[in-house]
Amino acid sequence: MTAATVNADFDAFCAVRNLRRTTQRMVIFGIMNGNRHHPSVEEVWAEARRSLPSLSLDTVYRILQEFHDGGLFGCLPKYEKVRFDGNRAPHGHFICLECGEITDFELRDGVDLTAGLPDGVRAEHQDVRISGICRRCAGKYNQNNRECVK
Ligand SMILES: [Zn+2]
Ligand SMILES: [Zn+2]
């Protein structure tokens, strides 16, 4: 992604959501855009404070939530605790962002998920997670009320 498209994405996001292009938003966008390390909110905060020392963690939460709600960046919902799994067959997990319910799903043959792994790594465990909204929660789900970064 070039610098021009980066700015275009950010500008379009701000324009569509009617948000000001503040330094805080620009710094956090710059940290997140193309970031392959799946940072936590605290990690984004630590990096952003190098240029914005007075930035609060709450502000970082709020801006990341805006970016997420606007579809700029995804997030990986975390498990609250270690979860044990009685299903010993290969399978994936669907995680409801609303109620947290974890549902198994079958992995179909013919898709080799390890094909894109970097050279030199040794795969030992495979955990396929898809997050979304379960059937039970679909009715009450409100697009503007996602709490996934907290
Ligand atoms: Zn649910
Ligand atoms: Zn399972």
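**Reading helix packing in a predicted model**

α2 passes α4 in a right-handed crossing in this predicted model.

Q: At what angle do α2 and α4 pack, and how far apart are their axes?

A: The angle between α2 and α4 is about 65°, and their axes lie 10 Å apart. Because angles of 65 to 115 degrees count as roughly perpendicular, α2 is described as roughly perpendicular to α4.

Q: Which residues of α2 and α4 meet?

A: From α2 come Gln24, Arg25, Ile28, Phe29 and Met32; from α4 come Thr59, Val60, Ile63, Leu64 and Phe67. Sorted by class, the contact of α2 with α4 contains seven nonpolar, two polar and one charged residues.

Q: How do α2 and α3 pack?

A: The angle for α2 and α3 is about 120°, with the axes 10 Å apart. The crossing in which α2 passes α3 is right-handed. On the α2 side, Val27, Ile28, Ile31 and Met32 make the contact, and on the α3 side, Val44, Glu47 and Ala48. This contact of α2 with α3 has six nonpolar residues, no polar ones and one charged.

Q: Which residues form the largest nonpolar core?

A: As a general idea, nonpolar side chains tend to be buried together in soluble globular proteins. Here the largest nonpolar core has eleven residues, among them Val27, Phe29, Trp45 and Phe67. At least two residues of this core are supplied by each of α2 (23-32), α3 (41-48) and α4 (57-69).

Q: Which residues does Ile28 touch?

A: Leaving aside residues up to four places away in sequence, Ile28 touches Val44, Ala48, Val60, Ile63 and Leu64. Ile28 itself belongs to the largest nonpolar core.

Technical notes
Residues numbered from 1 in each chain as written. Chains lettered and ligands numbered in written order. Predicted model: local features only at pLDDT ≥ 70, side-chain atom pairs only at ≥ 80, totals over all residues. Core = buried A, V, L, I, M, F, W, Y, C linked by C-beta atoms within 7 Å. Buried ≥ 20, exposed ≤ 12 C-beta atoms within 10 Å, placed from the backbone. Helix = DSSP H or I, 4+ residues; strand = E, 2+ residues; numbered from the N terminus. Contact = placed C-beta atoms within 7 Å. Axes fitted to C-alpha atoms, helices over the stretch in contact; angles between N-to-C directions. Left-handed = near helix turned anticlockwise from the far one by under 90°. Nonpolar A, V, L, I, M, F, W, Y, C, P; charged D, E, K, R; others polar. Parallel < 35°, antiparallel > 145°, perpendicular 65-115°, else oblique.
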